[in-house]
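Reader: I'm new to this one. Could you take me through a single part of it, the place where the chains touch, and then whatever lies behind that?

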Amino acid sequence: MPASAPFFFNAFQFFGLQDVPTMNEMAQLQKRRLALYGWMLAAPALALMSLFAFYPAIATLWHSLFSRGTSRRPSVFAGLDNYGDLFADPTFWTVASNNLIYAGITIPVSIFFALAMALWANAHIPARSFVRSAYFTPTILPMIAAANLWLFFYTPDLGVIDQITGFFGAEPTNWLGQPETALASIIIVTIWKESGFFMIFYLAALQTIPPDLREAAHIEGAGRWTYTRRILLPLLMPTTIFVFVNAMINSVKLIDHLFILTKGGPNNASKLILYWIWEMAFAYFDSPHAAAMTILVLLTLGIVAVIQFRLVEKRTHYR
Amino acid sequence: MTAQSPFIEIHSVSRVFNGGNGVHDLSIDIPRGSFVVLLGPSGCGKSTTLRLIAGLETADQGTIRIDGKDVTNTPPSKRGLSMVFQSYALFPHLSVAENIIFGLKVRKTDKSEIKTRLAEALSVTGLDGCEDRKPSELSGGQRQRVALARAIVAGHPLCLMDEPLSNLDAKLRHAVRKDIRDLQQRLGITVVYVTHDQTEAMSMADIVILMKDGRIEQAGDPAELYLQPATAFAAGFVGSPPMALLPATALPNDVLPNGIPPKGLTFGIRPEDLKLSTDPASEAWGIAATVTGSEFLGAETFVYVSIAGTDGATARLPGRVHISPGTEVSLSWAGVAAHWFDRETGLRHAQATTDIAANAPSQTTEFQTSPSTVSTL
C-alpha cells in the first residue's frame with residue numbers, strides 16, 4: 001500500500017478486492033503487451049517496406065545528387081545539376097506532356113466505362129455472370145499478352161481495325177507507326193485493360209447499397225437519371241476515389257505495353273515517364289539522371305496524394 | 001351524402017413469386033382516412049400487398065384503384081403516395097432536411113413552398129434543430145421520425161408503412177405508435193400499415209386485415225378480431241398470450257356444444273377467460289390440469305398449465321398469484337367465453353352453444369363490461 005492510502009477510504013480493500021497498486025500493475029502490463037502485439041503485427045510489413053520502398057527512395061534521392069561516374073572520372077557531388085539537365089532536355093517536356101495526356105484521358109475514361117459496365121452488370125439482365133466475367137477478362141491477361149493481341153489489331157491493312165475501317169472505304173493506317181496516332185493507340189489499350197478491373201470495385205460497392213434507397217427515391221418521384229445522379233454517384237464516391245488513386249498510379253507505373261507496341265516511338269510520341277526512366281537507367285546507363293527523374297515522379301505523386309486526401313475526402317460521405 | 005366509394009380498391013389481385021409466396025386473388029377495400037393494418041406472420045403476403053399498392057410490384061392479375069383511378073400499371077411516383085420503409089431508407093449522404101425535401105426538389109416544387117413545408121414537417125415530427133445532421137448522427141427514433149417527415153412533407157393523401165417500428169426498442173415503439181396514430185388523425189390521411197406484431201395492429205388500427213399464405217384470413221376492427229376470430233388461425237395469432245386451442249376430445253362431455261361430434265371440433269379459450277381452482281369440490285365441473293410454470297408481470301400473472309392430450313394452455317390471472325409448478329388444478333370458464341372451430345377447415349362454428357352457456361348473458365355484453373375472469377386462488 002502507498003503511504004497516502006491510509007487516510008482515505010479504500011473501496012477495493014473494503015470490498016475484499018485486490019490492492020490498488022497490484023491492479024494498476026496488471027493493467028499496465030496488459031497495455032504494454034497490447035503495444036507489443038501491435039508492433040509485432042506491423043513488423044513484417046515495416047521490414048519489407050523499409051527494405052524495398054523507404055530505403056530505395058532515400059538511396060535514389062542521394063544518388064540523384066551525384067554525377068555519373070566512369071572509370072576515368074569517379075562520380076562527384078553535383079547538387080541539383082542532374083535536375084537542371086532534365087529541365088533543359090526537350091525530351092523531358094515531351095515525355096511529361098505525353099504522360100499528362102495519357103493520365104488525363106485514361107483515368108476519367110476508364111472510370112466512366114467501369115461505372116457504366118458495373119451498372120449494367122449489376123442490373124437484372126440475362127447471362128449476368130457471363131457479362132461480368134467477359135468484362136473482367138482483360139484484367140486477368142498479362143499486359144504483355146494483351147499488348148501482343150493489340151499489336152495484331154493495329155497491324156496496318158491486315159489488323160482487325162484496318163479491316164473494319166477498310167470495309168467503310170478508309171485507307172490503311174499505321175496506327176502505331178505515326179506520331180499522330182501512336183499515343184492514342186496506347187491510351188485505348190490501357191483503357192481496355194483497366195476498365196474491367198475497376199468495374200469489380202464498382203460492382204462490389206453497388207451491392208452494398210440497399211435496394212430500399214432506389215425504391216424510396218422512385219416513390220419520391222425520382223427517375224433513373226435523378227436517382228443515379230443524386231443518390232448512386234454520391235454513395236459511390238469513396239469507390240471512385242479509390243479507383244481514381246489506382247488509375248493515377250497505373251498511369252505512371254503501367255508501361256509494359258510500350259515495350260511491345262511502340263517502344264516509346266515514333267520520335268518519342270508515345271513515350272511515358274517510367275519508360276524514359278527505364279531507358280536512361282538500363283539502355284543508356286545514365287543512372288543519376290534516371291534517379292533524378294524518379295525523385296521528380298515521387299514528388300509529384302506525393303503532392304497529388306496530399307491534395308486528394310485534403311480536398312476530395314472532405315466532400316465524400318463514408319458510411 | 002351517398003355511400004362513399006373506397007379510397008383504395010384492390011380487386012382480385014394476384015402476384016406470385018417463384019418461391020411460391022405472394023398473394024392470390026386478393027380483394028380489399030380501404031375507406032378514405034382510415035388506418036388499415038395488414039397483419040400476419042412472415043411470408044403471408046402482407047408486404048407484397050403493400051408493395052403492390054405502392055407500385056413497387058406489378059400485379060399479375062386484377063386491378064388496383066386509388067381514389068377512383070386505375071393505377072394497376074402506374075409507376076410509383078405517379079400514384080400520389082408516400083412510404084415509410086422498415087429500414088427507413090434514408091439517403092445516408094444527405095442531411096435530414098435534404099432527405100425530407102428530396103421528393104419536393106425532384107418534383108421541382110417552388111423554393112419558398114419547400115421552405116414552409118420543411119419547417120412544418122420538422123415541427124410536426126419534433127425534429128427542429130436536427131435539419132443539418134446526417135442520418136448516421138441520429139438515434140434510431142430520430143431516423144424513424146425523419147422517415148415519417150419525408151412521408152408527410154409532400155402532403156400525399158396516402159401513406160404506406162412497412163413495419164416502421166421493428167427497429168426501435170420496446171419503450172420507444174410504444175410512444176411512436178401513439179405519435180403515428182395521432183399524426184394520421186391530425187392530417188386525415190389514409191395509412192396502410194404492415195406489421196407482424198399483433199399488439200401494434202390492435203392498438204393502432206381502424207381495420208385489421210389478417211393474412212395467411214397470400215389470402216385474407218379475417219378483416220375487421222380489432223375488437224371483432226379479438227372477440228370473434230373467424231378461424232382458429234386468427235384466434236391463435238391475435239392476443240398475447242394467444243388463445244389456447246385444444247382438441248374438443250380432451251374436454252368433458254357436458255361442456256361440448258350440442259349436435260356436433262367432438263372429433264371434428266377445436267376448442268378455443270382466451271387466457272383471461274380461464275378460471276383456475278385448486279379445490280375440485282368448489283366447481284360443478286372442470287378439466288384437470290397441472291401447473292407447469294408461472295410468470296409474474298406486475299398487474300397480472302400468467303399461469304401455464306398442461307392438459308392431458310393437448311398442447312397446454314395459459315391462464316391470465318389478475319395481480320400476483322402464488323402457485324407452484326406441479327400443482328393439480330381444475331380449469332373452468334363461462335360457457336360464452338368458449339370459441340369453437342372446425343378441426344379440418346379451422347372455420348368458426350358460430351352456432352355452437354353449450355348447455356352451461358344457456359343462462360349466461362349474450363356474448364358481446366359479457367365482453368364489453370369486464371373481463372370474465374376472477375381468480376379463485
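Author: Let's start with a term: two residues are in contact if their C-beta atoms, placed from the backbone, lie within 7 Å. This is a predicted model, where local features need pLDDT of at least 70, side-chain atom pairs count only at pLDDT 80 or more, and totals for chains, interfaces and linings use all residues. Residues are numbered from 1 along each chain as its sequence is written, while chains are lettered from A and ligands numbered from 1 in the order in which they are written.

Now the meeting place: 16 residues of chain B are in contact with 16 residues of chain A. On chain B's side, β6 (81–84) and α3 (102–106) each supply at least two residues, and α3(B) gives the most, with three. (Helices, H or I of at least four residues, and strands, E of at least two, are DSSP runs numbered from the N terminus.) That side of chain B has 10 nonpolar residues, five polar and one charged. Here Ala, Val, Leu, Ile, Met, Phe, Trp, Tyr, Cys and Pro count as nonpolar, Asp, Glu, Lys and Arg as charged, and the others, Gly among them, as polar.

What about chain B as a whole? An automatic or database domain assignment gives the bounds: domain 1 covers 8–227 and domain 2 covers 242–369. Taken over C-alpha atoms, the centres of these two domains of chain B are 38 Å apart.
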